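I opened a new page for this protein. Below is what I looked up, in the order I looked.

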Amino acid sequence: MCFRSASGRPFVSPCPGRRAVVGRKEESRNRLPFCALLLVVPLLASSPGFAAEILVDDLCTLADAIRAANDDVPVGECSAGGGADVLRLTGDVLLTEAVELESGTPLVTSVLTIEGEGFQIARSSEPGTPEFRLLTVAAAGSLTLHDVTLTGGSAYLGGGVHSDGTLVLRRSAVSGNEASFGGGGIASRSGTLTIADSVISSNVVQLEGGGIYNRGTAIITGTVLSNNHTVYVYAGLGGGAIFNSGALEIERSAIVGNSGASGGGIHNFYRSTLVLTNVTISGNEDFGYNVGSAGGGGFINNGTAWLTHVSVVGNK
């Protein structure tokens with residue numbers, strides 16, 4: 001079949017088994033016809049490897065959505081994932097029990113993004129609710145959090161989220177979480193941590209890193225870390241906002257109003273690296289072991305640190 005334009009000039013036939021008419025010449029085509037592509041593209045889009053969007057709502061729970069994304073199969077009322085999936089929240093998510101390894105949600109073992117749409121993921125505050133963190137990223141996993149708040153989590157390591165893989169936070173908040181050992185808000189034990197344009201606030205830890213505990217590689221930009229705390233006074237441990245025993249870069253950020261032993265703001269541990277650029281460190285307090293000796297309200301450095309355009313004022 002030959003289709004003609006308004007000018008009368010012929011178009012190339014889009015269907016298999018036809019000859020293409022170009023001007024006055026006829027020639028066979030070896031390329032895949034357009035109508036065949038119309039059949040192939042939907043099949044490809046539904047096959048594994050192509051990203052899916054999964055809506056988290058009253059029927060599809062966040063736990064089931066993560067399982068569907070990890071395994072690329074339908075789970076419960078959640079549609080199957082496929083490739084680098086997007087989990088889109090349609091309301092606040094309230095977690096009431098641990099489902100896997102001290103976590104209120106399954107381990108993230110694939111590549112996925114949680115689009116929070118301004119909603120929060122929270123552990124229930126009802127009496128009798130067990131302690132667990134909100135999210136956990138396995139070594140092979142990659143989790144991006146966008147426009148979401150994590151609150152109420154409680155665990156040994158990483159009250160809000162714990163990662164051994166890749167963790168990215170953008171325009172998000174981690175607030176009101178706690179941990180007994182490290183990272184009241186976030187614990188990145190290995191892998192990479194990236195935080196941009198976010199708030200890490202009012203998190204509490206017993207020992208290391210009220211806001212963040214980092215042993216991997218972390219980059220923080222455009223972020224405020226405020227009112228985070230460590231509880232115990234213990235020699236060599238602390239960091240009200242951050243405890244770093246890896247590689248940490250902070251740029252265009254503020255570390256304000258945090259408190260803890262061995263560095264009210266930051267504790268940079270032995271053989272660790274710290275790079276600060278255009279950072280304000282103010283109003284932090286070191287209340288513990290190192291006050292008046294080797295410590296500091298703003299930060300304590302036992303590793304290697306580079307500071308460029310950094311304001312350290314009003315700490316004690």
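I began with the surface. The accessible surface of the protein comes to about 14,600 Å², and 54% of that belongs to carbon and sulfur atoms. Accessible areas come from the Shrake-Rupley method with a 1.4 Å probe, and for residues only the protein chains shown count as cover.

I noted the ground rules next. This is a predicted model, in which local features need pLDDT of at least 70 and side-chain atom pairs count only at pLDDT 80 or more, while totals for chains, interfaces and linings use all residues. Residues are numbered from 1 along each chain as its sequence is written, and side-chain values use heavy atoms, with hydrogens and water left out.

**Overall make-up.** I found 2 helices and 31 strands in the protein; these are DSSP runs numbered from the N terminus, with helices being H or I of at least four residues and strands E of at least two. Of the 316 residues, 47% are buried. Buried means under 20% relative accessible area, exposed over 50%, and partly exposed in between (1.4 Å probe, protein chains only). I then looked at contacts, meaning heavy atoms within 4.5 Å. Among those with a separation of 6 or more, 73% join residues 24 or more positions apart.

**Largest pocket.** I looked up its volume and got about 290 Å³. A pocket is an open set of points on a 1 Å grid over the protein atoms alone, where a 1.4 Å probe fits, with protein on both sides within 12 Å along at least five of seven lines; lining residues have an atom within 4 Å of a point. Grid points are joined across faces, edges and corners, and the volume is the space filled by probe spheres set on them. The lining has 16 residues, with Asp 57, Thr 61, Leu 62, Val 93 and Leu 94 nearest the centre. β5 (93–95) and α2 (62–71) each supply at least two lining residues, and β5 gives the most, with 3.

**Helix α2.** Is this helix mostly covered or mostly open? It is mostly covered, with 8 of its 10 residues buried. Among the buried ones I listed Leu 62, Asp 64, Ile 66 and Asn 70. Their cover includes β3 (53–56), β4 (85–89), β5, β6 (111–115), β7 (120–123) and β8 (135–137). Just after α2, Asp 72 has a positive phi of about 55 degrees.

**Aromatic pairs.** I searched the whole structure and found 5 aromatic pairs. Rings of Phe, Tyr and Trp (its six-membered ring) pair if their centres lie within 6.5 Å; planes under 30 degrees apart count as stacked, over 60 as edge-to-face and the rest as tilted. The ring centres of Phe 243 and Phe 269 are 5.3 Å apart and the planes lie at 45 degrees, so this pair is tilted. Phe 243 sits in strand β24 (242–244) and Phe 269 in the loop between β27 (266–268) and β28 (273–282), 26 residues apart. Phe 269 also forms an edge-to-face pair with Tyr 270, at 5.2 Å centre to centre and 75 degrees between the planes. Phe 243 is buried at 2% relative accessible area, whereas Phe 269 is partly exposed at 25%. Tyr 270 is partly exposed at 46%.

**Ser 188.** I ended in strand β16 (186–188), where Ser 188 lies. Its relative accessible area is 0%, so Ser 188 counts as buried. Beyond its neighbours within four places in sequence, Ser 188 contacts Ser 163, Leu 193, Tyr 213, Asn 214, Arg 215 and Gly 216.
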